[in-house]
2 protein chains.
Amino acid sequence: MADVPGRRILGILVAVFFLLSAAHSAGTRSNDGIRGFLPSRVEAERALEQKLRSIPDAARAESNLRRLTSEPHMAGTEASHRVAEWLLEQYRSFGFDAEIVSYSVWLAEPSEVKLELVAPEKKTLASPEQAFPQDKDTYDKHVAAAFNAYSPSADVTAPVVYVNYGMQDDYRELESLGVSVEGKIALARYGHGYRGIKTKIAEEHKAAGLIIYSDPGDDGYAAGDTFPNGPWRPMSGIQRGSVLYTQIYPGDPLTPGVGATPEAKRIAPADAASLSHIPTMPINAQDAAVILGNTGGAHVPRAWQGGLPLTYHVGPGAAKAHMKLAMNYQQRTIYDVIAKLRGEDDNAWVILGNHHDAWVFGAVDPNSGTATMLETARALGELARSGWKPRRTIVMCEWDGEEPGLIGSTEWVEQNRAELQAKAVAYINIDVGVAGPNFEASATPSLKELVRDATRDVADPSGTGSVFETWREHSSRPAQESGAARTRAKAEAPGDVPLGALGSGSDFCPFLDFAGIASMEVGFSGDYGVYHSLYDDFYWMKHFGDPAFTYHAALARIVGTLALRLDEADFLAFDYTAYALEISRAAGETVTRAEQEGLASTSVKEISSAAAQLAASAGRASQALQGISGAPVNVAKEEEINRELARVEQSLLAPEGLLGRPWYKHTIYAPGSYGGYEAEIFPGVHEALDWNDAGALRREADSLAAALRRAAARLDEIARLASAYK
Amino acid sequence: MADVPGRRILGILVAVFFLLSAAHSAGTRSNDGIRGFLPSRVEAERALEQKLRSIPDAARAESNLRRLTSEPHMAGTEASHRVAEWLLEQYRSFGFDAEIVSYSVWLAEPSEVKLELVAPEKKTLASPEQAFPQDKDTYDKHVAAAFNAYSPSADVTAPVVYVNYGMQDDYRELESLGVSVEGKIALARYGHGYRGIKTKIAEEHKAAGLIIYSDPGDDGYAAGDTFPNGPWRPMSGIQRGSVLYTQIYPGDPLTPGVGATPEAKRIAPADAASLSHIPTMPINAQDAAVILGNTGGAHVPRAWQGGLPLTYHVGPGAAKAHMKLAMNYQQRTIYDVIAKLRGEDDNAWVILGNHHDAWVFGAVDPNSGTATMLETARALGELARSGWKPRRTIVMCEWDGEEPGLIGSTEWVEQNRAELQAKAVAYINIDVGVAGPNFEASATPSLKELVRDATRDVADPSGTGSVFETWREHSSRPAQESGAARTRAKAEAPGDVPLGALGSGSDFCPFLDFAGIASMEVGFSGDYGVYHSLYDDFYWMKHFGDPAFTYHAALARIVGTLALRLDEADFLAFDYTAYALEISRAAGETVTRAEQEGLASTSVKEISSAAAQLAASAGRASQALQGISGAPVNVAKEEEINRELARVEQSLLAPEGLLGRPWYKHTIYAPGSYGGYEAEIFPGVHEALDWNDAGALRREADSLAAALRRAAARLDEIARLASAYK
């Protein structure tokens with residue numbers, strides 16, 4: 001493992017028919033190679049890509065976005081259905097074979113959302129978001145009251161306790177202050193973790209309810225100018241969002257593991273482990289200030305003080321609140337759009353996805369992604385019209401019901417698991433396509449270098465070099481704190497352009513965690529303080545996010561390039577040496593942790609030796625694939641190798657799933673049960689260590705080691721096939 | 001130098017007639033020794049100390065403080081004279097030989113302090129501090145308008161630029177933003193450095209004026225509950241304070257280096273290098289919010305955002321301000337009180353000092369110190385009345401004019417330099433005596449262990465062990481951010497209870513930096529947000545700082561114990577091995593820095609060899625002093641050695657002073673020219689490195705090395721005397 005990270009050129013598993021120069025990694029292109037392509041095919045691929053990249057158009061992306069954000073279109077509503085129908089039309093007009101796939105899912109649409117302070121004085125809260133004359137959309141009559149999806153209905157009155165971000169460390173701090181939330185309403189600020197984890201922890205601590213607010217110290221005036229003068233959240237802005245326990249399983253709560261077709265067998269809501277039992281509601285900063293001005297009790301620890309102009313107190317004291325929620329649950333229909341551009345090999349699918357449902361207008365989240373996907377689709381369609389036929393089938397998916405809980409994607413993956421596991425090459429996700437100028441990506445380690453490569457071939461809209469160069473430049477700057485929901489990028493090595501690991505919070509989750517399909521997510525981030533609010537609208541995008549829509553066009557080029565490279569490759573550009581390196585590092589850290597905690601059993605030590613075996617197998621497969629160089633083309637044998645390459649990821653699934661949450665089957669990555677959106681590595685093993693449970697640890701370590709050995713065996717098979725390739 | 005820090009028991013230079021047990025350093029007392037005392041004298045000393053410590057009384061400290069804070073008593077006013085007269089009476093009543101020593105100094109008393117926003121709208125600012133019904137003192141008619149001492153008079157109107165803390169890094173950041181303060185009014189928040197440095201830097205950048213405000217993110221509501229509900233600064237609270245360039249020289253600006261007696265030769269104010277040429281004024285947070293709400297221009301870097309509920313902008317933009325100051329400068333009289341309790345040897349003085357002048361009422365700063373000093377004085381007086389005569393003379397000083405610029409102490413030290421250098425043993429300073437429960441101390445390294453020892457013998461008012469134990473406990477906790485003016489404590493080694501180095505900001509400065517007298521400062525700190533405001537009054541102390549006045553009584557015991565140990569010691573307990581260790585460390589770091597910057601000349605390398613020589617000499621002197629054990633007492637020879645021990649510090653003075661500020665003569669410590677209150681080590685050398693000036697570096701390095709060799713020679717002389725002691 002003496003590879004220099006960032007120049008893992010020897011470790012590229014695919015057929016490397018040329019030596020990548022150091023200059024390549026340093027941001028300039030080597031002039032004759034594309035990872036995964038035989039030399040004879042590089043020129044044609046380059047011409048095809050150049051043609052594709054010439055098509056996406058900023059003005060069309062803008063008009064797409066204006067159309068998509070013309071009305072609020074929450075999942076489960078007719079407006080969302082209308083968006084799906086329009087998308088269907090678009091894909092068909094581009095030449096795709098498109099259809100709407102609908103599911104019947106358990107979904108609320110609240111009829112009453114009420115909050116008042118009842119002591120020390122009476123005050124009506126749950127104030128709506130302010131309308132601003134310069135932005136007519138903010139006056140739209142169809143904006144629903146802000147709520148948290150999958151909160152139960154409730155009517156509770158109780159004293160309030162401020163719990164900071166409401167994560168586990170905060171409750172430990174509360175305990176040291178001698179304060180309990182039992183029977184109280186917990187008031188948490190947004191940030192530092194998925195809101196569904198805040199609810200889960202509050203429920204475990206027996207809170208009567210949870211209120212979550214947006215603190216101006218996190219994504220409001222302290223971060224920068226607020227809407228409509230700037231991109232940050234104004235005092236009345238509310239972050240909607242789901243509190244479904246997606247960390248247990250995402251998708252329709254009543255059909256875990258199977259597609260929510262009309263005839264699917266359903267469990268009772270009371271038996272759904274992904275549903276909370278305490279009410280949760282979101283409020284804005286101005287309402288939170290009223291409550292926090294009356295909390296009383298001890299002064300908070302310094303780090304708990306937010307940006308409101310008052311001294312924060314923990315409570316419980318004078319402040320007593322009354323929450324009333326009538327959620328109106330029923331079976332509601334959601335509408336995915338699945339569009340295919342059939343390839344020579346219809347048994348190999350390159351899948352792209354983006355959700356179309358939004359909390360309100362969703363200009364950034366998700367329709368900047370939708371507007372972009374449409375431009376990518378239009379470009380692919382034009383290539384096809386001009387005579388090109390994809391080598392593999394390209395499947396473009398527009399998901400519904402992502403916001404309440406990744407429902408459209410999860411149900412589709414659950415319904416089609418067997419076919420997907422047989423055919424899928426990889427999954428490319430877009431969600432927040434454009435929220436600013438900073439490119440960011442997350443991916444399974446096998447795909448990271450592919451993402452870096454694609455960004456080297458797309459010009460940055462800033463006019464200074466490629467997206468890759470700008471990305472490397474901004475990723476080397478210290479991170480700006482921001483209120484954005486996801487942290488994606490973590491440098492894996494100095495000098496390297498970092499890609500994050502995939503946790504949860506978007507539609508790649510069922511693909512990777514349930515079906516074992518290698519995935520990535522790409523997009524441009526920025527100063528985006530209006531997440532899940534009324535103000536995430538066209539005006540915001542036009543004034544702050546991407547006024548010229550050039551980042552939309554650039555993203556359409558990146559996504560198109562990624563799709564073509566996966567679609568057209570001779571040998572799929574999966575880098576398992578890099579994957580094995582990340583696993584080996586994590587194995588070392590895990591064994592060290594277990595040793596420190598006195599839990600380093602034989603099973604735990606097996607993780608290291610299985611990781612070493614995986615690394616050795618990855619190296620051999622890489623070498624064998626490189627040895628193919630010069631052999632005559634044999635498409636059938638190529639496809640046999642490619643099928644194996646695509647399925648290494650599936651070897652890492654444990655059929656029985658993780659302990660306590662069997663839906664999650666990936667042994668290497670999962671969203672943390674208590675950690676937020678971020679990916680946890682070796683989730684089963686680390687949670688067993690968290691619980692200090694030697695039995696669970698043995699089970700999870702055995703399961704992980706077995707997965708690593710399965711992946712190693714598949715890589716050995718690839719080495720055998722490659723060596724035999726003639 | 002193989003000493004284990006925190007257990008430098010082998011390095012104690014004084015006659016160590018007993019082996020300090022490890023338990024001693026761990027917080028419990030060894031039961032038979034006192035550093036510096038012959039075994040035959042320990043029992044008597046212990047009895048004397050116990051008697052002294054039985055005398056200070058919380059109720060008397062409280063009544064002292066109530067009396068001292070009965071009216072505002074700013075330096076240069078008749079009220080300050082009245083306080084001096086009352087103190088004179090007190091010291092005389094305790095049996096001290098006391099007198100008032102007055103000086104005539106150049107001092108302002110403003111007749112007009114005006115600030116208004118003139119654009120984009122007209123708004124009167126410079127709002128006064130709000131009165132609160134629960135605290136009658138806040139209605140006092142004699143509270144003067146808040147101002148910054150030594151601002152010139154002025155009448156300027158200009159756009160405003162926000163400069164964060166107004167320190168050097170901030171101007172570098174401004175430059176990178178392309179913003180200049182030239183011709184503008186700079187708006188800075190308090191903190192991160194002495195306000196006189198903020199003015200100096202603003203002047204160097206050609207600002208037309210400077211406004212300094214207290215940001216609630218630093219010492220207001222974000223830190224905790226505000227006055228009168230808590231100890232932190234309310235929105236109307238203003239921090240007064242001097243902007244005299246004390247970093248160039250403190251004291252009367254017209255008589256640098258000599259006492260400001262009526263007949264002293266004076267320079268013209270225009271020639272006084274310690275006077276600013278641009279106007280500076282302090283304002284409260286509510287006025288700052290009005291200005292910052294209109295600054296305009298670029299959004300600030302994230303770290304510049306303070307705690308006000310708005311987005312901070314750098315400017316210049318719409319906001320234009322009009323400052324008018326009429327300062328009414330003239331010669332005014334200040335009144336020191338000098339009280340002596342004569343000892344057997346009137347040629348050896350143990351000096352204690354505290355200022356009595358206050359910006360308004362000064363309950364914490366400085367009168368918690370004054371109230372405490374009076375209790376120490378009363379205790380010493382009672383001991384004397386019951387038949388004890390001090391071995392050395394105890395001199396207790398109550399300084400006037402500290403707030404405008406350490407004037408009372410500086411003039412007295414300047415006037416009496418020769419006598420002080422001949423007679424002074426050490427100087428103990430108290431300023432903020434009690435602002436809460438956390439003991440803190442700063443000292444020349446030779447005295448640090450003496451301070452730790454004294455706190456081992458005083459019970460902590462919390463009821464849990466000694467002050468030392470509580471001190472060690474809280475100093476091991478992570479530092480709370482706070483708005484307190486001075487950072488005193490920096491751990492020099494893990495496990496050690498840290499004592500800070502002496503920078504500036506109080507009356508030890510002329511003793512140490514000008515006269516080379518070993519010094520220390522002690523006091524209890526805490527959540528103290530009302531620094532230099534109207535609200536630093538008796539109500540604050542009674543409700544927040546020390547409601548039972550037990551910390552005042554404890555401090556009187558600590559100070560009394562320190563005074564007795566210095567007064568009665570057979571061999572003065574100066575630890576030059578510890579001092580040499582700190583110097584050696586700093587020498588290593590300095591040579592490394594010079595090497596990194598390509599400036600490691602022969603002169604610079606000489607610092608290391610001179611430091612090594614000092615360490616060797618200190619070790620030999622220590623050993624020789626230990627060898628005295630068992631010799632018969634010979635007071636004359638003891639005093640000869642003690643005089644040399646006390647004067648090692650003076651060897652570290654460079655007669656020509658530091659480059660650019662000749663008043664500062666100490667080669668090891670000085671306040672930074674641009675760094676704030678904190679001490680800079682090897683100030684001449686480091687500033688020459690800052691300037692990248694090889695010539696200055698050679699001069700300063702030679703001067704430092706020569707000082708270290710002088711100190712080494714004096715320690716060699718001590719070794720010779722100790723070896724010859726019979």
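Trainee: Among contacts in chain A between residues at least 6 apart in sequence, what percentage join residues at least 24 apart?

Mentor: Two residues are in contact if their C-beta atoms, placed from the backbone, lie within 7 Å. In chain A, 79% of the contacts between residues at least 6 apart in sequence join residues at least 24 apart. Please note that this is a predicted model, in which local features need pLDDT of at least 70, side-chain atom pairs count only at pLDDT 80 or more, and totals for chains, interfaces and linings use all residues. Residues are numbered from 1 along each chain as its sequence is written, while chains are lettered from A and ligands numbered from 1 in the order in which they are written.

Trainee: How does the radius of gyration of chain A agree with that of a compact globule?

Mentor: The radius of gyration is taken over C-alpha atoms, and the globule rule is 2.2 Å times the number of residues to the power 0.38. For 726 residues the rule gives a value near 27 Å, and chain A, with 25 Å, agrees. The C-alpha trace of chain A spans about 85 × 60 × 50 Å along its principal axes.

Trainee: What share of the residues in chain A is buried?

Mentor: A residue is buried if 20 or more other C-beta atoms lie within 10 Å of its own, exposed if 12 or fewer, and partly exposed in between, with C-beta atoms placed from the backbone. Buried residues make up 61% of the 726 residues in chain A.

Trainee: How many residues of helix α13 of chain A are buried, and what covers them?

Mentor: Helices (H or I, at least four residues) and strands (E, at least two) are DSSP runs, numbered from the N terminus. Chain A has 22 helices and 18 strands. In α13 (residues 448–456) of chain A, eight of the nine residues are buried, among them Leu450(A) and Val451(A). Their cover includes β15 (438–443), α14 (467–475) and α18 (576–596) of chain A.

Trainee: Which backbone features deserve attention?

Mentor: Most residues other than glycine have a negative phi, and most peptide bonds are trans. Phe682(A), although not a glycine, has a positive phi of about 50 degrees. Phe682(A) lies in the loop between β18 (679–681) and α21 (683–691) of chain A, and counts as buried because it has 22 C-beta neighbours inside 10 Å. A cis peptide bond, with omega about 5 degrees, joins Phe227(A) and Pro228(A). Pro228(A) is in the loop between α7 (216–219) and β8 (241–242) of chain A.

Trainee: How many residues of domain 2 of chain A are in contact with domain 3 of chain A?

Mentor: Domain bounds come from an automatic or database domain assignment. That assignment gives domain 2 (61–106 + 334–547) and domain 3 (109–328), among others, in chain A. In chain A, 41 residues of domain 2 are in contact with 44 residues of domain 3. On the side of domain 2 that touches domain 3, α11(A) gives the largest share, six residues.

Trainee: What rotation superposes chain B on chain A?

Mentor: Copies are superposed by least squares on the C-alpha atoms of residues with pLDDT of at least 70 in both. A rotation of 180 degrees with 0.1 Å of shift along its axis superposes chain B on chain A, with RMSD 0.0 Å. The two copies are thus related as by a two-fold rotation axis.
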